[in-house]
Amino acid sequence: MSTQKPPSFNDPMAERESARYEFPVPSREAVLALLAERGEPLSYDEIARALGVSDERDHTAFARRLRAMERDGQLIQNRRGRYGLPAKMDMVRGRVVGHPDGFGFLIADDGTPDLFLSPREMRQVLHGDRVLARVAGIDQRGRREGAVVEVLERGRQSVVGRYVAAENMGFIVPADKRMAQNVAVPAGNEGGARDGQIVVAQLTQAPTKRSGPVGKVVEVLGEHMAPGMEIEVAIRAHDIPHAWPPEVLEEAGRFALEVPPEAAAGRVDLRSLPLVTIDGEDARDFDDAVYCERDGRGWKLIVAIADVSYYVKPGSALDREAYQRGNSVYFPKHVVPMLPEALSNVLCSINPKVDRLCMACEMYIGPRGEIKDYRFMEAIMRSAARLTYTKVAAMLVTGDATLRREYADLFPHLENLYALYKVLHAARQKRGAVDFELPETVILFDAERKIERIVPLQRNDAHRLIEECMLAANVCAAELLKEHKIPAPYRIHEGPTLEKLTDLKNFLFELGLSLGGGDAPKAPHYAKLLASIAGRPDARLIQTVLLRSLSQAIYSPDNIGHFALGYPHYAHFTSPIRRYPDLLVHRAIKDILHKRPHPISLDLARQQGEHCSMTERRADEATREVTRWLKTEYMMDKIGEEFDGIISGVTQFGIFVELREVYVDGLVHITALGNDYYHFDPAKHRLLGERTRQEYRLGDAVRVRVMRVDLDEAKIDFELADAERRDVKSAKRPAETQRPKKRAGKRRKRGRRGR
């Protein structure tokens, strides 16, 4: 092949292409650089000539490359057949996010503002599709409007929903409300489904501008209200892998039920140490065990983690499936595990009184909680006991004499752990880590798997003890990866964006509060503010707004630290049974210990981080959806009843209210707030009446009546109780947040000082 090119277009990736292909052609980077420099669309011949593509074999391969770049949205061919850069043609490449009301948004790959897609544009695409769109204009709200030019990739091949039988053709109402189009099911393709049943359909025809999607039923899940159906629906609606491929089960079944002698060879033997696991009563897989002893002026802490990487090798069937799943998904009373049960509940679970392979982090911690030294090691261990948070707290906090006698051999080591916890917790507070104490709930079921009640999750010092031990080990893992410059999935968390920070400061100003740190606040500034509001009636409101100002933590090799925890370096090391990033960290640490090159490039590490962040979000969305459905079902027989609640969200269309002692959210629509025009003030998180000046603000106490429960939509509608509708006084907010009444003709001053 001729490789002569004009000097300015030497392919920057020529070496990579030569290593990858027997007959290399110019790289994608070279094509994009050429078009950027020329500043105009070019024909195929012009591009090929400029990049030195000569003989027929090269032309065939190069044409395929350009077609692939078109499919990926990197190039676009105009009506004259010339290739151009999408950005230069006002084209945007990205993923479609649908809305239940029929419109949608294109989330741009390059981070530019989203494009609004009208219902008309959404007719030809589905939620999750990747498309190329052009900027068609600006709508009345100032948003960029998009027009779909080409669908690059279909985001889904199947859909789950409720089958509705019709005379000549049935259809499926999707469970995922972001998919606003029903799926037509031609006669003969209903797969035995009956009217009203929940089914899975394979899409046989994608939507177009003129016709909707078409599919055929491939699985009947069962009746709409069957116990557990909400989980089956969520798993499929969110494309969570849940069936084990035969090769994965076959591979998992090859391992012996006990640790083979050769596996223990060369490992540090920790079997004589009384390491213990401390978990919840209903836990089935045990990732971690801990041991602590006094060491001179400080402590020696050992955190031993199940050595999943010994069993799950890169490229194996187990590894491929674990990567696709990304993490275990925990629904109420149901788990979709990342690894088969033979590993997650047996070989890789630190069960008591049996030998287990582990990766251990041994830390030497000073009297003020500083980690003075650490080392990682491949080890073999034997758990001395399977303890629970309840038992450990009873022994350490409330002094349960019976339990102390039962675990007399272990109790001194537990006391060491508790003393170390107090030191680590004090160091955490001094460091200024952000610690939100917002309530979490647990759903309790009866024998028929109906909700019996919803209770707050009670955390005790045993939970916090284990948390501090895990944080310490995770920090050491991140330090080791950083020291050896390994591109691994750090757990990173950015601070607030400038826009969110501005909104937050405006909100705090109204309460006479301020956040330190100027335009770049750090975790200690958040922590100081949280400490200052402790005991205030509106503390939960303020905590909620502070939390919403922060971004979501993600996995990335770009080690920018963890804002909320106040760590410059942080990684997940302690849960490889249920999180794939932890498994990747284990492999990286083993490469360091064995002084061998780490095979993961920065680009691959970034791709792995993005994938694992996606699977984590997918799991969160699915579990929230199931919890919301269950809570809606719980409220079905409570229509007409009144409850006390707190405003948990404020929008343009109304207020969301969380019921006290029930922990269920519902909507009071703006039309049910009274005879006034209400205007949404996002900075102050409130709706304000134009005539009455009545405020409904995040955190306000209200009393509501349950008016409507829609299980299909998982929505609950409230109205304000009669007394509340007549006069919801601002006295329901704490006195220090009340504002003087506005006098006629006077301008109200903003904020108050000296609080």
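Helix H18 (residues 539–548) has seven of its ten residues buried, so the rest of the structure largely encloses it. Buried here means under 20% relative accessible area, with exposed over 50% and partly exposed in between (1.4 Å probe, protein chains only). Helices (H or I, at least four residues) and strands (E, at least two) are DSSP runs, numbered from the N terminus. The buried set in H18 is Ala 539, Leu 541, Ile 542, Gln 543, Thr 544, Val 545 and Leu 546. These residues pack against helix H16 (498–510) and helix H17 (523–532), where contact means heavy atoms within 4.5 Å.

A word on the model: it is predicted, so to speak of local features takes pLDDT of at least 70 and side-chain atom pairs count only at pLDDT 80 or more, while totals for chains, interfaces and linings use all residues. Residues are numbered from 1 along each chain as its sequence is written, and side-chain values use heavy atoms, with hydrogens and water left out.

Now for the greasy parts. In soluble globular proteins, nonpolar side chains tend to be buried together. A nonpolar core is a set of buried Ala, Val, Leu, Ile, Met, Phe, Trp, Tyr and Cys residues joined through side-chain atoms within 4.5 Å. The largest one has 65 residues, and Phe 331, Met 635, Ile 655, Val 657 and Leu 673 have the most contacts inside it. Helix H20 gives the most to this core, six residues. Look at Leu 673: leaving aside residues up to four places away in sequence, it touches Ile 655, Val 668, Tyr 678, Leu 687, Tyr 696 and Leu 720. There is also a second, separate core of 55 residues, including Val 276, Cys 361, Leu 396 and Ala 478.

On a 1 Å grid over the protein atoms alone, a pocket is an open set of points where a 1.4 Å probe fits, with protein on both sides within 12 Å along at least five of seven lines; lining residues have an atom within 4 Å of a point. Of its 43 lining residues, Arg 95, Gly 128, Glu 610, Met 614 and Arg 617 lie nearest the centre. H20 (602–634) is one of the elements that supply at least two lining residues, along with strands E3 (91–98), E4 (104–108) and E25 (554–556) and helix H6 (229–237). The largest share, nine residues, comes from H20. By type, the lining divides into 13 nonpolar, 13 polar and 17 charged residues.

On to the charges. A salt bridge is a side-chain nitrogen of Lys or Arg within 4 Å of a carboxyl oxygen of Asp or Glu, and the count comes to 49. Arg 178 pairs with Asp 176 at 3.0 Å and with Glu 621 at 3.9 Å. Arg 178 sits in the loop between strands E9 (169–174) and E10 (183–186) and Glu 621 in H20, so this second pair ties together parts 443 residues apart in sequence. Asp 176 is buried at 7% relative accessibility, whereas Arg 178 is partly exposed at 25%. Elsewhere, Glu 362 and Arg 375 meet at 2.9 Å, linking strand E19 (residues 355–365) to strand E20 (residues 371–382). Finally, Glu 642, Asp 644, Arg 703, Arg 705 and Glu 719 are linked in a network of salt bridges.

Terms used. Nonpolar A, V, L, I, M, F, W, Y, C, P; charged D, E, K, R; others polar.
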